[in-house]
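Me: I would like to go through a structure with you, one topic at a time. Could we begin once it is on the screen?

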Amino acid sequence: MQLGVSRGPASPDWAALPTLIAAVLLATAVSAPVRMGWIDPAPGLVLAGVPVLRALLEGLGPLLVALQLLWRDPLARRPMSLAGRRPWQALGMAAVVPPAFAIAGAFNGQAAAAALVGATTLSYCLMEESAWRGVLFNRLSGWRSTPRALAIGAGWYLWHLSFLAPDATWTRELAVLAALLGGSLLLDRLAGRTGAVMTVACAHLLVNVLAFNPLAAILSPGQRLGVALLCVIAWGWLLRRRTRPAVA
């Protein structure tokens, strides 16, 4: 039996589609000025060469979408919530992140800076996931897991605006789209199992640490791998108890 999969109607509830489209447009409009370099916050908070302020401003678009839908639409409030049904697990996973970064950063004498970067990276992931696997997951909870994940993943891809980069190519964009759709499928199932935006954000953070996100630039590839291993070991201990699906 497949766990964490919505048992909603066989076909999507198309009444929720305008909400998804409007959310993607709003998130993109808010994040684009910084993402595209139209507004340069470089003189702001830069820590050990890491553009902390820029990252937080890029994540502002999804966060504003989440806040707007939480305020205006009761259907966007459940079943996903910030810490889910087992808050101690979600909060414990989040608490692991700064120390893991600090331990890795200590190898090049930047433990404190690395811990702050870890907290910033987690905050950025929370800002993103508050929309993608938070309010939009809830608003589309009448959809089955796969179409919901693919629809949100397509919006997630558009929000990144990677196709507008000067060096964009069809090959790279197809790879990015495939990665985000695949990631959305996995994160959707994790959301369904835990009901916690914070837990999904922690999983999102692992991808950012191991892949392309400039927030982890303070760490070498080996240190990034060390952060991932420390987090996975600690999270595995926290999550060793089986959780029930959040979506019936």
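Me: By class, what residues does the lining of the second largest pocket have?

Reply: This is a predicted model, in which local features need pLDDT of at least 70 and side-chain atom pairs count only at pLDDT 80 or more, while totals for chains, interfaces and linings use all residues. Residues are numbered from 1 along each chain as its sequence is written, and side-chain values use heavy atoms, with hydrogens and water left out. The lining of the second largest pocket has 10 nonpolar, 4 polar and 1 charged residues. Here Ala, Val, Leu, Ile, Met, Phe, Trp, Tyr, Cys and Pro count as nonpolar, Asp, Glu, Lys and Arg as charged, and the others, Gly among them, as polar.

Me: Which residues are the closest to the centre of that second largest pocket?

Reply: The second largest pocket holds about 220 Å³ of space. Of its 15 lining residues, the closest to the centre are Leu 70, Ser 81, Leu 82, Ser 130 and Val 197. A pocket is an open set of points on a 1 Å grid over the protein atoms alone, where a 1.4 Å probe fits, with protein on both sides within 12 Å along at least five of seven lines; lining residues have an atom within 4 Å of a point. The volume is the space filled by probe spheres set on the points, which are joined across faces, edges and corners.

Me: And which element gives the most to that lining?

Reply: Helix 5 does, with 5 residues. Helix 3 and helix 5 (111-139) are the elements that give two or more residues. Helices are DSSP runs (H or I, at least four residues), numbered from the N terminus.

Me: New topic: where is Leu 161, and is it buried or exposed?

Reply: Leu 161 is in the loop between helix 6 (145-160) and helix 7 (170-194). Leu 161 counts as buried because its relative accessible area is 9%, where buried means under 20%, exposed over 50% and partly exposed in between (1.4 Å probe, protein chains only).

Me: What is phi there?

Reply: Phi of Leu 161 is near 55°, a positive value in a residue other than glycine. Most residues other than glycine have a negative phi, and most peptide bonds are trans.

Me: Which residues does a cis peptide bond join?

Reply: The cis bond joins Arg 78 and Pro 79, with omega about 10°. Pro 79 is found in the loop between helix 3 and helix 4 (87-105).

Me: Last one: where does Pro 51 lie?

Reply: Pro 51 lies in the loop between helix 1 (17-35) and helix 2 (52-58). Its relative accessibility is 27%, so Pro 51 counts as partly exposed.
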